[in-house]
Amino acid sequence: MAEPVSSSSVAIWRVAVPVPLARLFDYRAPDGHLPSEDDIGRRVRVPFGTRELVGIVAAIGVAGADDAVGLRDAGPALDPTPVLQGELYASLAWLARYTHAPLGEVLATALPTALRQGDPLPATHGWAWRLNEAGLTARTRLRAGRPRQLAEFLAAVPGPVDEDRLDAEFAASDTGWRSAARALAQRGLAERIATTRAAPAALPRPGPDLNPDQRAAVDAVLGAGGGFAALLLDGVTGSGKTEVYLHAIADCLARGRQALVLVPEIGLTPQTLARFRARLGVPVHALHSGLSDGERARTWVSMARGEARVVVGTRSAVFLPLPEAGLIIIDEEHDGSFKQLDGIRYHARDFALVRGKALGVPVLLGSATPSLESLHNAQGGRYRHLRLPARAGAARPPHVRVLDVRKRPLEAGLSPELLEGVARALEAGGQVLVFKNRRGYAPVLLCHDCGWSAHCPRCSTPEKGTPMTVHAAGRRLQCHHCGTRRPAPNACPDCGGLALQPQGAGTERIEEVLSARFPDVPVLRIDRGTTHGRDALEKHLAAFGDAPGILVGTQMLAKGHDLPNLILVAVVGIDEGLFSADFRAPEKLAQLLIQVAGRAGRADKPGQVLLQTHHPEHPLLLTLLDGGYAAFAGTELAQREVAGFPPFGHLVMLRAEARQVEQANAFLRAARAAIDSAADELFDPADPDAMIELNGPLPAPMPRRAGYQREQLLLSSPTRRHLHAALDVALPAIHALPEARKVRWSLDVDPTDL
Ligand code: ADP
Ligand code: ZN
Ligand code: ZN
C-alpha cells in the first residue's frame with residue numbers, strides 16, 4: 001500500500017465523557033496545541049451528538065490525517081493545569097475499574113457540580129470583617145443587641161476578623177453573626193474584605209487531658225509514622241473518640257499536612273464544626289449538601305491549592321484533592337450514608353481506605369458499633385483495633401426492658417405497657433422519645449398472637465431462617481433468596497390464630513394516638529416528611545425545649561442534638577428488622593438499638609429503654625442485652641461465615657427496572673447467561689474458590705416504584721477477583737444485549753441494600 005501523499009499528523013485528545021458508555025472518545029486537540037502528558041486531567045468542552053459536554057482528557061495521541069477525518073474538534077482546555085491529577089486521578093481510575101463504571105462518569109462524580117458543568121475555577125481567598133473609622137466611633141452609641149455585640153468584638157480584636165473565627169465565636173448563638181454584620185455594613189460602619197489566605201481562626205483552645213486509653217489510641221495513629229495504616233477506634237458514645245480525632249488532627253497540622261474528616265449526613269451539625277474550629281485554631285471547612293455549588297467548588301479548589309488544611313464533610317468529601325495529605329478520619333464508619341445508592345455506587349469508607357493507602361497516610365475509622373466488615377478486618381490483623389471501653393463522663397448506661405406484645409391490644413402499634421411507661425416518664429417531668437424503626441424493609445407476615453412469621457422451607461437452616469416477604473397485596477409470600485413462592489396462609493400455621501398481618505404502623509398514626517392520649521404535652525413528630533435538612537432538625541428540637549413532651553421519629557432522631565431531659569426511649573417496629581430478608585438487617589438493627597438507647601439518661605438522671613417486640617426471646621435481643629454489641633457482632637459474624645455473606649463472601653447486584661416485569665426479567669435472564677458463560681470460560685479446576693453463585697432474577701424488596709417493575713440478580717463469590725474477572729468478560733456482552741434497550745439497569749458492587 002502506498003504512503004499517503006501528504007500526511008501531517010493530528011494531535012488527538014482521548015476524552016472521558018460523562019455518558020454511560022465504557023470507553024473514551026477521540027477528538028482533535030485545538031490547532032497548534034502540542035499535546036503533552038500535562039493535558040491529562042484537564043477539563044475540556046466537547047461536542048457529543050447534538051449536545052456539548054464537559055469531559056476530562058484521559059489520554060493523548062496522534063493520528064494520521066486520514067484517520068482523523070471523522071473526528072470532531074474539542075474546545076480549548078478549560079484549565080491551565082489539570083483539575084484531576086496525581087493520586088486522586090489514579091484512585092478514581094481504580095474506582096472506575098472496581099465499580100465497572102465508565103471513567104467519564106466517575107471523574108464527573110468526583111468533581112463538585114460547578115466544575116462538572118465547566119465553570120471556571122473559583123477564587124479561593126477568604127473573607128474577613130473590620131469596623132471602619134465611622135464604626136469605631138459609632139459603636140458605643142449603638143443600641144444593645146447583636147450588631148452592637150459584633151461591633152464590640154471587631155473593635156476588641158486587632159486587625160480584620162476572619163469569617164471562620166466569627167463562625168466559631170458566635171456558634172453558640174442561634175442567630176449567628178451574619179445578619180448583624182450585614183446591618184453594620186448597611187449603615188456604613190463595617191466592611192468585608194478579601195483575605196489572601198485565611199488567617200488562624202483563633203488560638204487553639206486546650207481540651208481535657210487524655211485518659212490512658214485515649215493516649216494509647218492517639219499514639220497508635222502518630223506511631224504510623226505518616227505512612228498508611230488502618231486503625232479502628234472502637235468506643236461507646238461519649239468515650240472520647242472525638243478528642244482522639246482532635247489530637248491526631250492537631251499533630252497532622254503541626255507536620256504541615258492536610259486532614260480530611262468524613263462524617264455521616266446527620267453528624268455534621270453546627271456544634272460539631274464549632275468544636276473542631278475552637279480546638280484546632282485553623283479554619284475548618286465544611287462540605288455537605290446544604291452548601292451552594294459555589295461554596296462547594298471553593299472548598300474543593302482551596303484543598304487542591306493546599307490553602308484549606310482541614311475539611312469536615314459528608315460522603316462526597318472523599319473526592320477532595322489532598323495534595324499534602326496527612327490523615328483521613330471516618331467517624332461513625334458503620335453508617336449507611338457513606339454508601340452512594342445511585343449513580344456511581346461507591347462506598348466512601350472503602351474508597352477512603354484506598355486513597356489512604358495510595359497517599360501513604362493513616363486512616364482512622366471510629367464507631368461505637370463498628371461495621372462487621374471493619375471488625376472482621378481488625379480481628380484478621382489488617383486494622384489496628386483500638387478500644388475506648390469507658391465513657392469519659394459519669395453517665396450510667398440506661399436500663400433496658402423488653403415488652404412482649406403478643407396478643408396485647410395495640411393502638412397504632414403501641415402496647416398498653418408502653419403507653420403506661422410514657423405516662424410515668426411525663427409525670428416525672430421528663431421527655432420521651434418514641435422511636436419507630438423504619439428502613440423500607442420489605443414487609444414480612446407476622447402472627448400477632450404467637451409471633452410466628454413465614455420462613456422459606458427451602459433455604460432456612462437451623463442457624464438462620466430465611467424470611468419470606470409479602471407480595472401481591474398480601475396474597476403471596478416469596479423467598480428473596482431462592483425465589484420460592486407460596487400463597488399466604490389464612491390462619492397461623494403454629495397457633496391457628498387469624499391475627500396474621502404485615503408489619504408496621506407509620507409515625508403519623510403514632511403521633512395521632514399519642515396526641516389524643518397526652519393532650520397536655522407537646523408531641524413533636526420528626527421525620528423526612530416534617531423536617532428537611534439539618535438546620536430544620538436543630539430548630540425543631542430547640543423549640544421543643546426541656547419541658548415534658550414526646551418526640552416521635554425515625555432514624556433521623558437516632559443521634560444528633562443533645563436532649564438532657566430525655567429519660568425514656570421507647571422503640572417500636574423492631575420485628576421487621578429481626579425478620580428482614582436483608583442479611584444486613586440484624587447488624588443495622590443492633591447498631592440502631594445501641595445508638596438510640598444511648599440517648600436516654602444522663603449522669604444525674606438514669607434513663608430507661610423499652611423495646612416492644614413479638615419476639616422477646618429472639619437471640620439477637622438476648623445477645624445484645626446480655627453481652628452488648630461485641631457479643632452480638634461475634635455471633636453475627638459466625639452466621640455470616642456459614643452463609644457465605646460479606647465479609648466472608650463478596651456480592652454484586654445487577655438491578656433492572658421496566659414498565660413490564662417481563663422486560664426486566666428477560667434482560668436479567670440474558671445477563672445471567674452472559675455471566676454464566678464468562679464464569680465457564682474463566683473456570684479453573686485448580687482453584688476451588690473460583691466460583692460464582694447466581695441468584696435470580698427475583699423481585700426487588702420494593703418490587704414496584706414510580707410505575708416501574710423492579711427485578712434483581714445477585715452474584716456472589718468467595719473471592720472478589722473472580723467476580724471482577726467474570727464481569728470484565730460479561731459486561732461488554734450485557735451492554736450489547738437487545739433486551740438492555742427496554743430496561744434501566746445498573747450494577748452495584750458491594751451492595752448494602754439487598
Ligand atoms: P465521642 O466522640 O466518643 O462520643 P467525645 O470526644 O465527644 O466522645 O467526648 C464526650 C465528652 O467527654 C465530651 O464532653 C468531652 O469533652 C469529654 N471528654 C472526652 N475525653 C475526656 C477526658 N480525657 N477527660 C475529660 N473529659 C473528656
Ligand atoms: Zn400464631
Ligand atoms: Zn428460599
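Leaving aside its neighbours within four places in sequence, with which residues is Val15 in contact? In this predicted model, the contacts of Val15 are Leu24, Phe25, Tyr27, Val44, Val46, Gly55, Ile56, Val57, Ala58 and Ala74. Val15 also belongs to the largest nonpolar core, which has 152 residues. Together with Ala570 and Val571, Val15 touches the most other members of that core. Strand β25 (residues 566-572) supplies the largest share of the core, seven residues. A second core, of 28 residues, is separate. Among its members are Met653, Leu654, Ala656 and Leu668. In soluble globular proteins, nonpolar side chains tend to be buried together.

The domain assignment divides the protein chain into five entries: domain 1 (10-87), domain 2 (126-195), domain 3 (212-388), domain 4 (399-441 + 503-633) and domain 5 (650-749). The centres of domain 1 and domain 2, taken over C-alpha atoms, are separated by 48 Å.

An open sheet of five strands runs in the order β3-β4-β1-β2-β5. Its pairing is mixed. The edge strands, β3 (43-48) and β5 (72-73), each pair on one side only. Between β1 and β4 the pairing is antiparallel, over seven bridges. Val10 stands opposite Ala63 in β4. Strands β1 (10-16) and β4 (51-63) also contribute to the cover of helix α2 (residues 103-110). Other elements that cover the buried residues of α2 include α1 (86-99) and α3 (113-116). Helix α2 is mostly covered, with eight of its eight residues buried. These are Leu103, Gly104, Glu105, Val106, Leu107, Ala108, Thr109 and Ala110.

A UniProt annotation from an unreviewed entry, "domain: Helicase ATP-binding", covers residues 222-388. Over residues 222-388 the chain is 35% helix and 23% strand. The end C-alpha atoms of this stretch are 17 Å apart. An open sheet of seven strands has the order β11-β12-β10-β13-β14-β9-β15, with parallel pairing. Strands β11 (284-287) and β15 (384-388) stand at the edges. Each has a single partner strand, so one side of each is left without a neighbour in the sheet. Neighbouring strands of the sheet are turned by 20 degrees against each other on average, direction ignored. Strands β10 (residues 258-262) and β13 (residues 325-331) pair in the parallel sense over five bridges. Within this pairing, Leu260 has Ile328 of β13 as its bridge partner. Helix α8 (residues 212-223) lies across β9 (229-235), β14 (362-367) and β15. The helix runs at about 155 degrees to β15.

For one group, the unreviewed UniProt entry lists Cys447, Cys450, Cys492 and Cys495. These residues span 49 residues in sequence, yet no two of their C-alpha atoms are more than 8.7 Å apart, so they gather at one spot. Cys450 lies in the loop between β18 (445-447) and β19 (468-471). Cys450 counts as partly exposed because 17 C-beta neighbours lie inside 10 Å. Beyond residues up to four places away in sequence, Cys450 touches Arg406, Cys492, Asp494, Cys495 and Gly497. Cys495 is placed in the loop between β21 (485-487) and β22 (500-502). With 15 other C-beta atoms within 10 Å, Cys495 is partly exposed. Its contacts, not counting residues up to four places away in sequence, are Cys447, Asp449, Cys450 and Trp452.

For the other group, the unreviewed UniProt entry gives Cys456, Cys459, Cys479 and Cys482. They span 27 residues in sequence, but no two of their C-alpha atoms are more than 8.6 Å apart, so this group also gathers at one spot. Cys479 lies in strand β20 (residues 476-479). Is Cys479 buried or exposed? Cys479 counts as buried, because it has 22 C-beta neighbours inside 10 Å and the threshold is 20 or more. Leaving aside neighbours within four places in sequence, Cys479 is in contact with Cys456, Arg458, Cys459, Thr466, Met468 and Thr484. Cys482 lies in the loop between β20 and β21. With 14 C-beta neighbours inside 10 Å, Cys482 counts as partly exposed. Cys482 touches Cys456, Arg458 and Cys459, not counting residues up to four places away in sequence.

How values were computed:
Residues numbered from 1 in each chain as written. Chains lettered and ligands numbered in written order. Predicted model: local features only at pLDDT ≥ 70, side-chain atom pairs only at ≥ 80, totals over all residues. UniProt positions renumbered as here; feature names shortened; annotations may be inferred. Helix = DSSP H or I, 4+ residues; strand = E, 2+ residues; numbered from the N terminus. Buried ≥ 20, exposed ≤ 12 C-beta atoms within 10 Å, placed from the backbone. Contact = placed C-beta atoms within 7 Å. Domains from an automatic or database assignment. Core = buried A, V, L, I, M, F, W, Y, C linked by C-beta atoms within 7 Å. Pairing = 2+ DSSP bridges. Axes fitted to C-alpha atoms, helices over the stretch in contact; angles between N-to-C directions.
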